[in-house]
4 protein chains.
Amino acid sequence: MDTVHYPTPAVTTEHRPLACAFTKMRAHTLALIAPLSAEDMVVQSMPDASPVKWHLAHTTWFFETFLLKDQPGYKLFDPDYAYLFNSYYEALGPRQPRAQRGLLTRPPLADILAYRAHVDDAMSGLLEADLPAETEALIRLGIAHEEQHQELILMDGLHLLAQSPLKPAYCPRTPADAGGRQGRFQLRPGGLVEIGHAGEAFAFDNEAPRHRTWLQPFEISDRLVTNGEWLAFMQDGGYSRPDLWLSDGWAQVQANGWNAPFYWQASEDGWQEMTLRGLQAIAPGAPVTHISYYEADAYARWAGARLPTEAEWEAAAADGVLEQVDDVAWQWTGSAYLPYPGFLPGAGAVGEYNGKFMSGQMVLRGGSAFTPAGHARPTYRNFFAPEKRWLRSGLRLARDIS
Amino acid sequence: MDTVHYPTPAVTTEHRPLACAFTKMRAHTLALIAPLSAEDMVVQSMPDASPVKWHLAHTTWFFETFLLKDQPGYKLFDPDYAYLFNSYYEALGPRQPRAQRGLLTRPPLADILAYRAHVDDAMSGLLEADLPAETEALIRLGIAHEEQHQELILMDGLHLLAQSPLKPAYCPRTPADAGGRQGRFQLRPGGLVEIGHAGEAFAFDNEAPRHRTWLQPFEISDRLVTNGEWLAFMQDGGYSRPDLWLSDGWAQVQANGWNAPFYWQASEDGWQEMTLRGLQAIAPGAPVTHISYYEADAYARWAGARLPTEAEWEAAAADGVLEQVDDVAWQWTGSAYLPYPGFLPGAGAVGEYNGKFMSGQMVLRGGSAFTPAGHARPTYRNFFAPEKRWLRSGLRLARDIS
Amino acid sequence: MDTVHYPTPAVTTEHRPLACAFTKMRAHTLALIAPLSAEDMVVQSMPDASPVKWHLAHTTWFFETFLLKDQPGYKLFDPDYAYLFNSYYEALGPRQPRAQRGLLTRPPLADILAYRAHVDDAMSGLLEADLPAETEALIRLGIAHEEQHQELILMDGLHLLAQSPLKPAYCPRTPADAGGRQGRFQLRPGGLVEIGHAGEAFAFDNEAPRHRTWLQPFEISDRLVTNGEWLAFMQDGGYSRPDLWLSDGWAQVQANGWNAPFYWQASEDGWQEMTLRGLQAIAPGAPVTHISYYEADAYARWAGARLPTEAEWEAAAADGVLEQVDDVAWQWTGSAYLPYPGFLPGAGAVGEYNGKFMSGQMVLRGGSAFTPAGHARPTYRNFFAPEKRWLRSGLRLARDIS
Amino acid sequence: MDTVHYPTPAVTTEHRPLACAFTKMRAHTLALIAPLSAEDMVVQSMPDASPVKWHLAHTTWFFETFLLKDQPGYKLFDPDYAYLFNSYYEALGPRQPRAQRGLLTRPPLADILAYRAHVDDAMSGLLEADLPAETEALIRLGIAHEEQHQELILMDGLHLLAQSPLKPAYCPRTPADAGGRQGRFQLRPGGLVEIGHAGEAFAFDNEAPRHRTWLQPFEISDRLVTNGEWLAFMQDGGYSRPDLWLSDGWAQVQANGWNAPFYWQASEDGWQEMTLRGLQAIAPGAPVTHISYYEADAYARWAGARLPTEAEWEAAAADGVLEQVDDVAWQWTGSAYLPYPGFLPGAGAVGEYNGKFMSGQMVLRGGSAFTPAGHARPTYRNFFAPEKRWLRSGLRLARDIS
Ligand SMILES: [Fe+3]
Ligand SMILES: [Fe+3]
Ligand SMILES: [Fe+3]
Ligand SMILES: [Fe+3]
């Protein structure tokens, strides 16, 4: 495969932590694409996914648009990019339709890498100055934004390679998820708790405001449901018993022939799973991953349990009783993605970042093996539609105290 | 039009309040269909709607299946009806696909009316005896169930007639919604409140258990948003400003060309609205009706407000500060339809009644002009997918206290 | 079932053959609907089919529009009907969308029957006069048009009842197709032959002009392929061997799971067939019916034969060597439906009758048990898209002389 | 853009005309892709189109499968390629679904170029020997096959680049179509003519057998309809008058908003056209291109003419009265794509080459500026579904002699 050589952004970052964070984050994106060819990076494998090249450009466009465009002396790399690489910001004008991002064979990858270098260079200049707090906040948002796209690069890259009959590995050296003991339920007292973000540290607008909420006493498992436990669910007819499923979930099972997690496929030697390391035998002790909310909910019902609410999850996480919090798989909660009491979206176009997606989605908590280090936190609210499976999702059980 | 003459069920109901309730409820269904012909009652106008004839049979099947089938000496009216008129109970076997209910020209209406008489007769016998509490509870559920279908008969009947270029009235004598003053915000203190159903009176399983929840202080309007206020929203570009809409809502606006409430249409004399009384001029003082959740949410954002949560709504209703609670239109809340803490679905097949629909839907509270008298209550949780518009929905605003 | 009593049109027709033909034809339509209820006649079972009530009105609208509307003193029955019952005449303005004909519960059947009586009455007056040749030609066209809809009433009625899990008979007294000996190939010399319509007798515009065409010598079977022969095709894997199928046909087989003719269904006692007499055991000696062009073509390939062209069919029919010409099933030919050399569509709106459908369809020749007596003739060109199966279609084989 | 360097196949071809033809043809394919990057060649812009990389591999697979696979000593380049690069040969087993050819980022372009070199090398060996006539015929078929894909590379490449908001040129040096005088009708006598292929020279199976057919006298234009003439049709409401259109064509106009040829777009300076040279102003004297059959048919009706049949076209071409025969645009005929009398498909898997597509398509005659030199001939039958527009199609008028 023809690999591509990427320029390393050269930014002086000593004594400037934000510049340092920016530089490291940008370099990490390039590290993620090292195993991919230009061909791998241009194709869109489904409307939910984006080409990796598009991610490279869009994250760069974010910095150009929200931080550089109005700086004196900054020269737009290419005025067409505003149309090509805007994702969903209505306030910023029309854009390439989402499902047609994979038609952009031009500009070629080399141009996008030059675009990244151009913007890195300008950001480097900006980051040398003393910046107003608002500007720093926008840079932190841009960093967090690109970190989200780093996870998407792995999700979308895995999805693309999984469509190939050849099942090539994204990166053979990716570590496998560790196994371990099964989870144990931990009793939590509930009561009037506080959840949500407060303070100066960076968080997305949807994590605030910190607020009180009332919880009944409950139990929550300290570890995630494993592949081995999932196999027991399957062997007990989990995918063929409508009584275990939400009505919408059962409709998905029937329409799409679901009979195992998203990336599992049966082979002569038993179930295998498509991973970043290619097709692998199922590890019974490792957490199950790439399941929809509907599957997580059905499993929980089968197990005589339920999914925790996001408030339960956050309270338990704050109390330190959870393992596998953010290193393996995002954990579906039983909470719909809705605004917190008193929620205020960010001002201007960045106000579209989170708030306008607050319908039709369920909250996931934690973090995953695809999430860049340092990105997640206990107040973090991830969200996806309940039928999606290409994210790195798993589940953790909860129970009422009767 | 050839009208049909319906037999009146003759049940001795003195001193037996449940028998009385049953008889009156069943007679009300027949009163609702009096203006309709057999042709009107066989057609299905969209997959969400059902033919009125199907409603007549399905509600009857409910009593036959859950109460009569296993009674000694009861003779099934027709064994095929289990397949034809089961709605969605997986535990009760296969059924006529929902979208094909309108293909059932046979059995004819006359048979369905005979079916109703047959079941009424058997129920009358059953209701003369002293019944176990469990049986009484099932009868109450059957009554509440048919009451829900009474509202659906009006919803689906209106939808069918609205598809006709002739715009015929369902019933010209239907009263119009009253106008009145605009709403005023009422301050509510919040705090630890209790919501949900408790006690012996009938309620659906999804209203229980009664439980505590914490509310921030808030304001809630004592009246519903009016047609006149909605016109101001429209004139201010409400349907063409993406910043006012949830992302999924904006997609609906664009895909379906929404530019006014569901049953509005422009005429030379201004906006008109299809109602049970046929096409009528818009009444500015009457509450707006037949809007989706997305529209309600967009209006609230435009008005600098938001939708109340279902807990806020119920707390305010319990405090007696709301007008137009249940006599005009169901009110969209900002709450997703999810189980209450400690929720337990009913046992057996009736456990499918509510619980399996707890995804992808939003809660509406109150009641509507289509709801039969006595059906709704302050703990009642109605629910629909956020894009639906054929229900009699409206909205009431709420606000945070800053 | 509540049957409906239909008024018999009373027209004095002695000595007026056209009046006589009109009256008999109109009465035959009413005879066809006698077994149906108003409910049966309002429902549309698929977009290709129309409600029987719509057929009743549309055929009447044809006479009103093309013959009565401009007669002095004629009063339109209802001005709305021009919108409701126009089928596809662009020159006559907008119309009820085809797929929504089944939403017309109003006007009720009783109004449509009154409409028929109103138009019959006016036509009766018209037919008493001496008419210009052009007017007589339009009346003949109107008669032939309604005869086509008589066949559609049976096709659409059968389709509707076939959708019912109860499989009710349209009319139990319908005669079954006769069996008989298998077909024998008849040698035809080919050469320069003439086909197409000429002369004064009525024919559709698409049958003209009569013209010369050159045929190679060929063989054509004197009888239709039977159910028994079709079973042999099925048992030889006919529906699972892609080599037998046109590419588009194989796509249909796979997408729709075709494994037998349209109305066949497997039972414990072998294959059964839905017919106007209800569900019946397959008669091995009777011609196979309700097959698509793709199936006919695949069968012919399997049998080492092919379908005749329409010119071959017409030449052989003219020579009198064919049996089962028009009494059982229309016969798919290998000819696409295209204009004859020198084809001229009728003038005015009736020019839309045939010509604009000359793409994407295949010609069938002959006639069927559903075709009213006297309607078909050897030059008749029936046409349907190659995947359609709800018509009464069969096949007759042909072969090249090698 | 990172261009790719392609190895030149080195085959000794002196004195071996078939080897020479093979080598030149293969080199021409590589010349066609010179302006494209690997990114351009991996993406599939619509289900009808294929990625250029897929064309490169599939045409190579054809030689490997039909000529090399069973040669002693030949080593398959990669056994997976049989699945990846089979197009539609059912006899050769399952294959990558057509609509998912664009997901094959692996194998990378470099591997496909190595595959081409591997097969070229083996073919070179084969071509040195004296070959049986059957083998030579298969090689000629393989050459003609790849020539067809050469045209598809240009069609699909243009389609991909036309989807880009940047409208990049495929190759700026591509010559523009020449203008010239308008066409004149040429009178042809008709009568009993012979059409179709006979003799030893290569032709596809669908061009045979040569056979007699009868033609009425007719007129045919000696030149193609121009852009300027098409503009007159547009200005006369051509795209908004249903009377000009076939019913299926009018449905396409309305569903897809057709208002000009496929690659035309309105600009401030008038109509422009996307071409291999990028976006260009319309040349009024050049032939109109990239129109569907429905548009060609509507134009002809507007012009008081019709499309010629394929027999008329071939007879006129044989008589030498036509200009612009095969150098600008394929010409839609009024003939459906059906087998000639006595048609016999090739034996074995190559029998699927043409015969199974003989439904639902119309014949085009001539050749186009995208067709490689020497590929077309007067008996050549090109065919596409009537709504397709991405082919290089135009039209030539014909008329009946009245
Ligand atoms: Fe983004
Ligand atoms: Fe129900
Ligand atoms: Fe008609
Ligand atoms: Fe090919």
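Let's start with a salt bridge: the side chains of D:Lys53 and A:Glu39 meet at 2.5 Å, N to O. By salt bridge I mean a side-chain nitrogen of Lys or Arg within 4 Å of a carboxyl oxygen of Asp or Glu. Before going on, keep in mind that this is a predicted model, where local features need pLDDT of at least 70, side-chain atom pairs count only at pLDDT 80 or more, and totals for chains, interfaces and linings use all residues. Residues are numbered from 1 along each chain as its sequence is written, chains are lettered from A and ligands numbered from 1 in the order in which they are written, and side-chain values use heavy atoms, with hydrogens and water left out.

Okay, so how many salt bridges are there between chain D and chain A? The count is four. The contact (heavy atoms within 4.5 Å) takes 30 residues from chain D and 31 from chain A. Together these chains bury about 2,500 Å², 64% of it on carbon and sulfur atoms; buried area is the accessible area, with a 1.4 Å probe, that two parts lose on being put together, summed over both. On chain D's side, D:Glu39, D:Leu103 and D:Arg106 supply 32% of the area buried against chain A, more than any other three residues.

Now over to chain A and chain B. Here 27 residues of chain A are in contact with 27 residues of chain B, and the pair buries about 2,000 Å², 61% of it on carbon and sulfur atoms. And salt bridges? Between chain A and chain B the count is zero.

Last stop: the iron ion, ligand 3. Which residues are its protein donors? They're C:His58, C:His145 and C:His149, each through NE2, lying 2.2 Å from the iron. Donors here are N, O and S atoms within 2.8 Å of the metal (3.2 Å for Na, K and Ca), and water is not among the atoms, so sites may look incomplete. Along the sequence, the spacing reads H-x86-H-x3-H. C:His58 sits in helix H3 (residues 52–68) of chain C and C:His145 in helix H6 (residues 133–163) of chain C, so the pair ties together parts that are 87 residues apart in sequence. Helices are DSSP runs, H or I, of at least four residues, numbered from the N terminus.

Buried or exposed, then, for C:His58? C:His58 is buried, at 1% relative accessibility, and C:His145 is buried too, at 3%. The cut-offs are under 20% relative accessible area for buried, over 50% for exposed, and partly exposed in between (1.4 Å probe, protein chains only).

How values were computed:
Helices (H or I, at least four residues) and strands (E, at least two) are DSSP runs, numbered from the N terminus.
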